[in-house]
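Me: I would like to go through this structure with you, one topic at a time. Please look at it first.
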Amino acid sequence: MKLRFAPSPTGLLHVGNARAALVNWLFARQRGGTVLLRLDDTDLERSKAEYAVALEEDLRWLGLDWDESFRQSDRLPRYAAAAERLKASGHLYPCFESEEELRSKREQQLRQGRPPIYDRGALKMTPDQLARALANGKVPYWRFRLSNRSPEWQDGVLGRRAVKLPSLSDPVLVRADGSPLYTFTSVVDDLEGGVTHIIRGEDHVTNTGVQLDIWAALGGDPRALSFAHLPLLTDADGGPLSKRLGSLSLRQLRRDGVEPAALAGYLAALGTSHDPVPAMPAALVTGFDLTAISKSPARFDVQQLLALNRRHLHTASFDSVRAQLPEGADEEFWLVVRDNLDLLGEAKLWFEVVRGTLVPPPQPGEAEYLRAALAALPPEPWDATTWGAWTEALKSATGRKGKPLFLPLRLALTGEEHGPDLKTLLPLIGREKAALRLRVAAEG
Ligand SMILES: Nc1ncnc2c1ncn2[C@@H]1O[C@H](COP(=O)(O)OP(=O)(O)OP(=O)(O)O)[C@@H](O)[C@H]1O
C-alpha cells in the first residue's frame, strides 16, 4: 500500500492542504502503508525552492513524516518517455490552435447553445495539412484523446462516483515547449511509483475521471487504485483557501503560537461528528476513520482551533513545552501559569511577571490601600497559604472584600487584571519584588 501527498510548492501550505496531508498520513500509518511526499513543481514559473523548504518544515512541525520524496522536475525524461508511448499508441495528438482560435470556437459553441467542449479540430487535419503546419515552423502542443467511457469508482468519502468523459475537452498533457502538465505527470508518477491509494481534495474529482483514462492508456489497471476525495475546507466565512492568497497558512498559525497538537487534533476531527482532541498525529492513528469524514465542505474556525489550543496547554506537561519556554522557566512556573494561557507565547509575559521588572499601572485613589497591603505583607518563607493569610488580614484591617480587595493587589503585583491564581503565583514573585511593586503602585 502506498499513499502520496502531492502539493505544489507555489505558496505556503494552508490548513486545507494540511488536512489532505494528515488524512493520507493517518490512513497509511494505520495500515502499515508507505507515505510519499511528491513536490508537484512542473509549473516552473510559480514553483519556488523556498516554498518547497517551507512546506517540508511545516509538515514536520505538524508531526508528519514520509518514507520517500521526490520532485517532479527531476523526472522530466520519464514524462517525455511516457508521452512518446502515448503518441505512438495514438492517444496523444498534436494541436496547433491558438488560445485566440480556441476562445472564438468556444464563444461560437456557447452562442449556439452547445457546451464549450474542444471539437477535436486537430484530429481532422489531413497528413498534408499536418506536414505543412510543421514545415511552416509551427510547434504543436499535445492533447490526450479521451475515451467515451465514464470511469466509475467507489470513493472512500463521496461514495459511488463517475465522470462522463464525453462531456469534457481532451486535456492538453504536453505544452508546445515540451513541458508536461500536472494531469499527466501525476498519473505517470502514480503508475511508475506503485501508488495504490489516492486521497486528495474534492477539487480533483474530474481529474480522477480523466486520470483513470490516461492510467488505462499507459497500461495501468484502474482496479489497482482506490480513491477518496475530501470535501474542501473553507475559511470561517465559507470562502475558499488558496496558497496564492496565503490564507490560513500553517506558517502564520505557527507564528501566532498555535500548537501542532491543537491543529492536528482539530483537522482530524473537522467534518466528522467526533469531538476534537488535541493530539499529535501519531496519537491519532488508532482512532482514525476515513469513513467518518462527511461529504459536505467544512469550515475552518480559528476560534475553535484556539479553544482546542487552550485545552491542550492546560494539560500539557512541562517536558512537552520546556524547549519553548523562556530560559530559566521550571516546572513549578509551568504548572502555575499553564491554566491561564491561550497561546504558549504568553508564558513569556508571566515569566517577566515572576522574574523580571514591572512597572505597575497607576491606580488613582488606591494609594492608602496599597500602603496598608505593603505593611501587611507576611514575612518569608512564602507558600500557597501566604496569599490567603495576607488577604484575610487585609480584609479584617480594611473591611474590603471581593473585587476591591483583590483587584488592586493583582494589578500592582502583575500589571494585569486577570491571570494565574495569586495563591500559587505570589510565592514565585517573592517578597522582595512584591514589596517593591506595591510601593511603586502606592506612589504612582
Ligand atoms: N481548501 C482545501 N481543503 C482541503 N484540501 C485542499 C484544499 N485546497 C487544496 N487541497 C488539497 O491539498 C492538496 C495539495 O494541493 P495543491 O498543492 O494543489 O493546493 P492548492 O491550495 O489547491 O494550491 P493552489 O492554491 O496553489 O492552486 C491536494 O490534495 C488538494 O486537493
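Me: How do E5 and E8 pair, and over how many bridges?
Reply: Strand E5, residues 141-144, pairs with E8 in the antiparallel sense over 2 bridges. Strands here are DSSP runs of E with at least two residues, helices are runs of H or I with at least four, and both are numbered from the N terminus. Two strands pair if DSSP finds at least two bridges between them.

Me: What is the bridge partner of tryptophan 142 in E8?
Reply: The partner of tryptophan 142 is valine 174.

Me: Before we continue, what kind of model is this?
Reply: The model is predicted; local features need pLDDT of at least 70 and side-chain atom pairs count only at pLDDT 80 or more, while totals for chains, interfaces and linings use all residues. Residues are numbered from 1 along each chain as its sequence is written.

Me: What is the strand order in the sheet that holds E5 and E8?
Reply: This open sheet of 3 strands has the order E4-E5-E8, with antiparallel pairing. Its edge strands are E4 (92-95) and E8 (172-174), each pairing on one side only. Neighbouring strands are turned by 45° against each other on average, direction ignored.

Me: Which helix lies across those strands?
Reply: Helix H3, residues 76-88, lies across E4, E5 and E8 and runs at about 90° to E4. Axes are lines fitted to C-alpha atoms, for helices over the stretch in contact (C-beta atoms, placed from the backbone, within 7 Å). Angles run from 0 to 180 degrees between N-to-C directions.

Me: Changing topic: which residues come nearest to the ligand?
Reply: Of the 19 residues around the ligand, Pro7, Gly16, Arg200, Gly201 and Lys243 come nearest. A residue counts as near if its C-beta atom, placed from the backbone, lies within 6 Å.

Me: Which element gives the most to that shell?
Reply: H1 does, with 4 residues. Helix H1 (15-30) and strand E9 (197-201) each supply at least two.

Me: Is H1 largely enclosed or open, and why?
Reply: H1 is largely enclosed by the rest of the structure, because 14 of its 16 residues are buried. Buried means that 20 or more other C-beta atoms lie within 10 Å of the residue's own, all placed from the backbone. Just after H1, glycine 32 takes a positive phi of about 70°.

Me: And what does E9 pair with?
Reply: E9 pairs with E10 in the parallel sense over 5 bridges. Arginine 200 has histidine 229 in E10 as its bridge partner. E10, residues 226-230, is mostly covered, with 4 of its 5 residues buried.

Notes: Contact = placed C-beta atoms within 7 Å. Buried ≥ 20, exposed ≤ 12 C-beta atoms within 10 Å, placed from the backbone.
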